[in-house]
Amino acid sequence: MQGYTKAGAMRIALATYSLAPELTEDDRQLLEPLARRGIHAEPVVWDAPGVDWTAYDAVIIRSCWDYYLRRDEFLGWVEKLEATGTPLWNPPAVVRWNSDKSYLRELEAAGVAVVPTRWVAPGEPAPLAELLEETGWDEAVVKPVVSAAAHETWRTSRARAADDEPRFRALASRQRVMIQPFLPEIVTAGECSLFFFGGEFSHAVVKRPREGDFRVQIEHGGSAVAVEPDDALLAAARAALRCIPGDWLYARVDGCTVDGTFRIMELEALEPALFLAWAPGAADRFAQAVEATLAAGKL
């Protein structure tokens, strides 16, 4: 890319998936503030045939919400963009790193407070009841290491472990699995998500599950409200962000406060929902971060 100015029309692709070919309602809020900055953004389905990705000045991953079902294919698409020199944000190295939740191990090794996790390799013979006995957790959450939107994520307990064993064994036979303690704070206080654009804090929301559930995602009946995080939450989130391997345009840090400590549940730098509608000016702050990245010659 040559030098960028506001007067120069830039064309970027906002990568989405086939169930939201025109972007999600939330992501469509980005189009106008980007256009005001001379940046023409188009929604493009990531696996659509015949797309000339090199025709775009940059590709920004947004709602590619089926990547976890086809991770190898998705990363193959990322590799093709990389091979053609098409700028991708977040960058390929960050996308690869963030597409597998084992990045939490790196955060923990760096001293970041994360939710305790028992990692289960495919074919590991230990039954679920034995693993819960080993960890000492009375209630736990089971999820695949590659997953999104609570896909194949479910609660279990020591009392139910024997009944849940076939389900657990079927999941663990296909892929790596992670087990975490169930945090009652998710139901009582909620899960906090903090959003950062261009390295700067933008806004935050607290998400809560519907009654009788533990999943906070909107598609599962969860709700969200805007909040102002305190300094401790911001510091914890920034500590996690320092673990991202390289530059990034956007990131979302999810966590829950347990016994006074904000524990990271996920650091999403691939395709997180941005909850732009929950915070006045959030879409404009994202567009500003894109403009600044273009101006710096990074896109």
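This is a predicted model: local features need pLDDT of at least 70, side-chain atom pairs count only at pLDDT 80 or more; totals for chains, interfaces and linings use all residues.
## The parallel sheet

An open sheet is built from four strands, arranged in the order β2-β1-β3-β4 with parallel pairing. Its edges are formed by β2 (39–45) and β4 (88–89), each of which pairs on one side only. Within this sheet, strand β1 (residues 10–16) and strand β3 (residues 58–63) run parallel and are joined by five bridges. Serine 63 in β3 stands opposite threonine 16.

Helix α9 (residues 282–295) lies across β1, β2, β3 and β4, running at about 105° to β2.

## The antiparallel sheet

A further open sheet of four strands has the order β5-β8-β6-β7, and here the pairing is antiparallel. The edge positions belong to β5 (118–120) and β7 (154–157); each has a single partner strand, so one side of each is left without a neighbour in the sheet. From one strand to the next, the twist averages 30°.

Three bridges link β5 to strand β8 (residues 177–181) in the antiparallel sense. Tryptophan 119 has methionine 178 in β8 as its bridge partner. Helix α6 packs on this sheet and touches β5, β6 (139–144), β7 and β8, its direction making about 135° with that of β7.

## Packing of α5 against α6

Helix α6 (residues 161–174) also packs with helix α5 (residues 128–135); the angle is about 110° and the axes are 8 Å apart. Angles of 65 to 115 degrees count as roughly perpendicular, and α5 and α6 are therefore roughly perpendicular to each other.

On the α5 side, the contact is made by Leu128, Ala129, Leu131 and Leu132, while α6 contributes Ala161, Asp164, Glu165, Phe168 and Arg169. By class, the residues of this contact are six nonpolar and three charged, with no polar residue.

## The second largest pocket

The second largest pocket holds about 150 Å³ of space. It is lined by 13 residues, of which Trp53, Gly76, Trp77, Lys80 and Leu81 are the closest to its centre. The lining comprises five nonpolar, four polar and four charged residues.

Note on methods. Residues are numbered from 1 along each chain as its sequence is written. Side-chain values use heavy atoms; hydrogens and water are left out. Axes are lines fitted to C-alpha atoms, for helices over the stretch in contact, and angles run from 0 to 180 degrees between N-to-C directions. Helices (H or I, at least four residues) and strands (E, at least two) are DSSP runs, numbered from the N terminus. Angles under 35 degrees count as roughly parallel, over 145 as roughly antiparallel, 65 to 115 as roughly perpendicular and the rest as oblique. Contact means heavy atoms within 4.5 Å. Ala, Val, Leu, Ile, Met, Phe, Trp, Tyr, Cys and Pro count as nonpolar, Asp, Glu, Lys and Arg as charged, and the others, Gly among them, as polar. On a 1 Å grid over the protein atoms alone, a cavity is a set of points where a 1.4 Å probe fits but cannot get out, and a pocket is an open set with protein on both sides within 12 Å along at least five of seven lines; lining residues have an atom within 4 Å of a point. Grid points are joined across faces, edges and corners, and a volume is the space filled by probe spheres set on the points. Two strands pair if DSSP finds at least two bridges between them.
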